[in-house]
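Hello,

Here is the structure I promised to pass on. Please open it first, then read my notes below.

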Amino acid sequence: MVRLLINGAYHEVAVEQDTPLLWVLRDVLGMTGTKFGCGVAQCGACTVHVDGTPVRSCQMAVGDVGALPVVTIEGIGATPAGAKVQKAWMDLQVAQCGYCQSGQIMSAAALLAQTPTPSDADIDAALAGNICRCGTYVRVREGVKHAASLA
Ligand code: FES
Ligand code: FES
């Protein structure tokens with residue numbers, strides 16, 4: 001059994017220690033807001049926070065998560081930065097197909113939690129690993145700036 005703290009709640013799951021966190025979130029716990037894109041840490045669709053740091057959950061084994069708190073797209077709205085990002089995304093209608101947007105939001109929320117007023121370079125660096133096949137990059141960056149401006 002592996003015990004995980006996800007969005008403030010404990011879950012005990014019967015998986016091997018080397019099972020990717022993404023598999024546990026989606027297939028075991030039914031938290032399907034976190035997306036599978038590439039499976040090899042190249043697209044960012046599977047981004048979650050582990051102890052406040054954005055990580056690619058497709059490449060992180062649950063055994064390496066240990067007791068560290070995990071936050072997913074299902075829980076990010078309960079954080080101050082996450083709530084701002086979600087409001088900004090709605091205000092600006094950032095998403096197109098939406099598939100990449102959980103990962104975009106998680107990366108944006110992690111950035112704003114650390115850097116409340118990011119520069120363009122900060123935004124580019126934080127979002128560089130999140131690929132969008134719909135090309136929403138301009139709106140994503142506007143969304144981060146709008147989120148940063150919200151009280
Ligand atoms: S699915 Fe994890 S980075 Fe693409
Ligand atoms: S909104 Fe479609 S992949 Fe990004």
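Start at Ser102. Leaving aside neighbours within four places in sequence, Ser102 is in contact with Gly33 and Ile73. Ser102 has a relative accessibility of 12%, under the 20% cut-off, so it counts as buried. Ser102 sits in helix H4. Keep in mind throughout that this is a predicted model.

Where does helix H4 lie? H4 covers residues 101-114 and lies across strands S3 (47-50), S4 and S5 (69-71). Its angle to S3 is about 35°.

**The sheet**

Five strands make up an open sheet with mixed pairing. The order is S2-S1-S5-S3-S4. Strand S2 (9-13) and strand S4 (53-56) are at the edges. Each has a single partner strand, so one side of each has no neighbour in the sheet. From one strand to the next, the twist averages 40°.

S1 (residues 2-6) pairs with S2 in the antiparallel sense, over five bridges. Arg3 has Glu12 in S2 as its bridge partner. Leu5 stands opposite Tyr10 in S2. The two strands form a hairpin, with two residues between S1 and S2. Asn7 in that turn has a positive phi of about 50°.

The bridge partner of Val50 in S4 is Thr53. S3 and S4 form a hairpin too, with two residues between them. Asp51 in the turn has a positive phi of about 55°.

Val50 stands opposite Val70 in S5. Which way do the S3 side chains point? Thr47 and His49 point one way, Val48 and Val50 the other. All four residues, Thr47, Val48, His49 and Val50, are buried.

**Helix H6 and its contacts**

Two helix contacts involve H6 (residues 137-149), one with H3 and one with H5.

H3 (residues 80-92) packs on H6 at an angle of about 125°. Their axes are 8 Å apart. H3 and H6 are therefore oblique to each other. The crossing is right-handed. On the H3 side, the contact uses Lys84, Val85, Ala88, Trp89, Asp91 and Leu92. On the H6 side, it uses Arg139, Val140, Glu142, Gly143, Val144, His146 and Ala147. By class, the H3 contact with H6 has seven nonpolar, two polar and four charged residues.

The axes of H5 (residues 120-127) and H6 come within 11 Å and cross at roughly 120°. That makes H5 oblique to H6. H5 passes H6 in a right-handed crossing. H5 brings Asp120, Ile123, Asp124 and Leu127 to the contact. H6 brings Val140, Arg141, Val144 and Lys145. The residues of this contact divide into four nonpolar, no polar and four charged.

Look at Val140 and Val144 when you inspect H6. Both are in the contact with H3, and both are in the contact with H5.

Best wishes

Notes. Residues are numbered from 1 along each chain as its sequence is written. Chains are lettered from A and ligands numbered from 1 in the order in which they are written. This is a predicted model: local features need pLDDT of at least 70, side-chain atom pairs count only at pLDDT 80 or more; totals for chains, interfaces and linings use all residues. Side-chain values use heavy atoms; hydrogens and water are left out. Two strands pair if DSSP finds at least two bridges between them. Axes are lines fitted to C-alpha atoms, for helices over the stretch in contact, and angles run from 0 to 180 degrees between N-to-C directions. Contact means heavy atoms within 4.5 Å. Buried means under 20% relative accessible area, exposed over 50%, partly exposed in between (1.4 Å probe, protein chains only). Angles under 35 degrees count as roughly parallel, over 145 as roughly antiparallel, 65 to 115 as roughly perpendicular and the rest as oblique. A crossing is left-handed if the near helix is turned anticlockwise from the far one by less than a right angle, and right-handed if clockwise. Ala, Val, Leu, Ile, Met, Phe, Trp, Tyr, Cys and Pro count as nonpolar, Asp, Glu, Lys and Arg as charged, and the others, Gly among them, as polar.
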